[in-house]
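Subject: Structure for you to look at

Hello,

Here is the structure I said I would pass on. Please have it open while you read the notes below.

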Amino acid sequence: MVTASDTESIQVEILPQRYLMPATAQKLLNAIYENGGITRIMVHGPNLPRSVPYGPAKGTPIEENRDLIIEVGGQAFELAVKVGRVRLELESEKYLPGLRAACERALPFTFQIKQGKFFHNRPTISDYAKYGNVEDKRILGLIDPKARKDKLAILSEEKVTIEDEER
Amino acid sequence: MAYTPQFYPGSTSVGINRRKHMSGNVEKLRDIPEADVVAIMGHRAPGADYSSTHPPLKEMGEPDCPVRQAVEPTPGAAAGDRVRYSQWTDSMYFAPSIPYFRSYWGAINCKGCDPGTLSGRQIIEARERDIEKYTKTQYDSEMTDVALCSMRGCTVHGHSLRLEENGMQFDMLARTELGNDGNVLGVKDQVGIPLDKKVNLGKPMSEAEAKKRTTIFRFDGVPMSGTIGARKPDEAVEMTHHMWELRTKWGYRPE
């Protein structure tokens, strides 16, 4: 019988029943952060443009979508999306029950936690065209290949920064 | 005996609601002032003149035509108004109306309009003073829940997305917001230009009420073919199969 190693990293996706307000997103991300064991994390959801992208009102600022600043683990950053799902890689399966408990504490409605494969581990052509040879493989799957410079996923861990440069 | 048109089949609440929408026999739930509807539509400032594409029909001198004599023009057409639009996005989370039934409502009940049905939005075009009247009717009636339906001229994204935490349909241009008193406020017009003052659209429907008034068949609401283990197709399914058969085999001409 083959037993799965309990030290292998796992990838999970948290899918709340509704889109999260910035305050709830902050609460959830902090709860996840406190649970520990995170290798990488991605927040996913529909884009919140800072100004009307097209139509007769093109360029009109959308004040509601500006300055959505949340603080996670002592670090502040600005939300550019409505938080709809959170994908993360955990160091091992032992962090999963804690993660579920953290979601139960932070979310006032139902949610699903799926375990699967959510980040790719080989660079795609888009990755190569945009970022060249990616040295730190942890950023794969964290970057929206269609995003422009100001919409890149942000990683705040050491050694995981990428050049903020548009190619 | 006067003929009473028959609309959609089925005895489920969804079938009954669909019949109501098609027949135009919809309940009036709120009364949004006309000036506010005009402001949200954003085509003209409330109180401003209507722009026109031709002089009033009476001044134009129409040709001698039996059809023109038989059909009375709508007020907008008689005045020569420009054609304008109003576009709706209805959430698939039990919004009372859906694009097809807004279109049926428009095509059956609104004179001189051109409804367009798309997967996630529905547009009606008509002469300006007519479309204002039709839009107000939609806003005031049970066809609209102010949290789950909104007028979106562009950036219509939202109908198939999950709802926001407060029960509102997601809108990346933030055209509506939920006030502290529980009322939904319109803060921008349908293309995203901020309004001079916020428009009170009233309270949203509760989840139970939205489910009661919806025209959407859903597995977690009223399913079209019953539940698993207790399949009971609605008459609407039978009708749809019948229509498909006629259309496929004989192109609607079974001679």
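Predicted model: local features only at pLDDT ≥ 70, side-chain atom pairs only at ≥ 80, totals over all residues.

Residues are numbered from 1 along each chain as its sequence is written, and chains are lettered from A and ligands numbered from 1 in the order in which they are written.

Chain A has three helices and six strands, in the order β-α-β-β-β-β-α-β-α. Helices (H or I, at least four residues) and strands (E, at least two) are DSSP runs, numbered from the N terminus. Of its 167 residues, 20% are buried, meaning that 20 or more other C-beta atoms, placed from the backbone, lie within 10 Å of the residue's own.

The contact between the chains involves 22 residues of chain A and 16 of chain B; two residues are in contact if their C-beta atoms, placed from the backbone, lie within 7 Å.

In chain B, the buried residues of helix α2 (34-41) are V37(B), V38(B), A39(B), I40(B) and M41(B). Their cover includes β1, α7, β4, β6 and β7 of chain B.

Strand β3(B) (122-127) has five of its six residues buried. β3(B) pairs antiparallel with β1(B) over six bridges (pairing takes at least two DSSP bridges), and five bridges join β3(B) to β2(B), also antiparallel. I123(B) is the bridge partner of Q87(B) and stands opposite G116(B). Four residues separate β2(B) from β3(B) in a hairpin.

Regards

Definitions and conventions. Buried ≥ 20, exposed ≤ 12 C-beta atoms within 10 Å, placed from the backbone.
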